[in-house]
Amino acid sequence: MNIWEKMLNVDRRWIFLGIGIVAIVPFFINFGMPIKTSIEVEGIFDYVDELDSDNAIFISFDFAPGTQAENMPMAVAVMRHAFHNDIPVFMTANYPLHHGMMLAAMAYVFNPTTEGFYHEVPFEDWSQFRNAGITDKDELVVAWENDGNVLPDGAMGWVFEGRDYAALGYAPVFNLVILGMTISIETQYPRDAHGNATGEMPILQEHKNLRDVDLALSCSGSAACVWWVTYAREKIGLPIAFGVTAVMATDYYPYLQAGQVIGQMGGLRGAAEYEVLLTENGITPSTDKAFTGMDVQSAAHILIILLIIMGNIAFFAGGFHKKTALKGRG
Amino acid sequence: MKRTVPLMIVMVGGILMILQYFIPHQISQTVLAYYTDWTPIILAFALILGVGSLTRIHSHKIRRKSKNWQYSWAVLIPLYLMPVLAHIWPQSLGGGMDSPSIFHFTFMHVQVSIQATMFSLLAFYIASAAFRAFRAKSALATLLLLAAVVVMLGQVPIGALLGKWLPETGLWILRYPNLAAKRAIMLGVGFGMLATNLKIIFGVERNWLGGAGK
């Protein structure tokens, strides 16, 4: 066995070890390489940035734990953008597992250990203000703070459940749920994920169906994101944005070019671009997990390309391209 | 009767749903509202069938001590335990779905970890597969290989450091050649779906009946 044959038949555990090393080391040595934003991501950012408290957006958690490394930072970034600009947010999930991802995203954004967290006020806690007819965000914050509540150190602002967001969660047969929400959100979700009556929520009283909503972002690890185009964009003209995994991103360029989708975050890169835009515009104090993860992805891509080059060198230098079959260990 | 009734239901339901999509009238909206209410109810019966079937298959495996029968417990125990923990187990003992609860803990620290691990393994296998399979054996294979390398480098920050043209070329590949190919595939699939759906609605395609009524 010559050197080229040995190279081609290298034990794959060495390759696994290499990937393991390049996946772990960048977490300890933060390179922080600059990321240039693309028009696909800027399209979503600019659109969300122009909305305010009179508007509302949907963030649909259409991904399972398997793709959360890519999809979760997208959802978290847009959620933080919306909370910063006081844009009401509806959160849905198209599968029971995805419901858990929605709760995990909320837990992260509301966690005091997260840099630039938001302080959540549960629906029941501000019922006296709601009953007194105070539902406007600015008036609510003044009344809430006059009542002796103090925003914790490091918090970016108050987030009132039922005013600033509604965690609607999972409902079965989600494509029909989207279709149903074009008529009434409350009919599809009489109660939210925490058991609160959605009809009592100011967010639902002001935005009764998808026609009263300005954007739906589907953070998706499957083709379910297309449901939003089929059942909401094409039926009532709701603007849609995609946050999809890197392998899926190539599939949805036709939707972008046709104008059916206002923008797309593709994979960890897309999420990192949104984090960069948030930080550059002073919406978050620093970039988050996606930006850190890009160092890992850079190192892994370089290693894979080196492996491809090495494999081709050995293949041609060893003269294996002249043989019909190459024996290897797979 | 076993064939005619399901065929009629599919035909009437299918045509009704096509028509209602294009009619923005109140009656049409009411039909849609009824349909969206009824579908999950009907599907709930399918869930009962599914859980029942899964239970039957795995309990048979356990009873007969078939190959790998021990893993059937790993299916059956969570299948019944998780709903009990979420909906029946008292909250004072860690029941319910919201955090803190056993259900929530199990989801976050078992389900999430297992799925994330499974997906993470892809990175290792893709690297190994790329090393062994990505060969410039022909002109087309070389083109594919070069496009892959440019897109891979263009997608990561280090690509921009190697050359400004890399991310720009990578995005050009995604925005134009990739888009054209994807659109062609999607149109083909779309027309195929349309033809199949029409065949099902009008009773030409009957395989979905599973041989009922023959």
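Mentor: In this predicted model, helices are DSSP runs of H or I with at least four residues, numbered from the N terminus.

Trainee: What radius of gyration does chain B have, against that of a compact globule of 214 residues?
Mentor: The C-alpha trace of chain B spans about 65 × 50 × 40 Å along its principal axes. A compact globule of 214 residues would have a radius of gyration near 17 Å, but the value for chain B is 26 Å.

Trainee: What percentage of the residues in chain B is buried?
Mentor: A residue counts as buried if 20 or more other C-beta atoms lie within 10 Å of its own. Of the 214 residues in chain B, the buried share is 11%.

Trainee: How is α8(A) oriented relative to α2(B), roughly parallel or roughly antiparallel?
Mentor: Helix α8 of chain A (residues 174–181) packs against helix α2 of chain B (residues 26–64) at an angle of about 150 degrees, with the axes 10 Å apart. Angles over 145 degrees count as roughly antiparallel. So α8(A) is, relative to α2(B), roughly antiparallel.

Trainee: How many residues of the contact of α8(A) with α2(B) are charged?
Mentor: From α8(A), L176(A), L179(A) and G180(A) meet L32(B), A33(B), T36(B) and T39(B) of α2(B). These residues divide into 4 nonpolar and 3 polar. As for charged residues, there are none.

Terms used:
Residues numbered from 1 in each chain as written. Chains lettered and ligands numbered in written order. Predicted model: local features only at pLDDT ≥ 70, side-chain atom pairs only at ≥ 80, totals over all residues. Axes fitted to C-alpha atoms, helices over the stretch in contact; angles between N-to-C directions. Helix = DSSP H or I, 4+ residues; strand = E, 2+ residues; numbered from the N terminus. Parallel < 35°, antiparallel > 145°, perpendicular 65-115°, else oblique. Contact = placed C-beta atoms within 7 Å. Nonpolar A, V, L, I, M, F, W, Y, C, P; charged D, E, K, R; others polar. Rg over C-alpha atoms; globule rule 2.2 N^0.38 Å. Buried ≥ 20, exposed ≤ 12 C-beta atoms within 10 Å, placed from the backbone.
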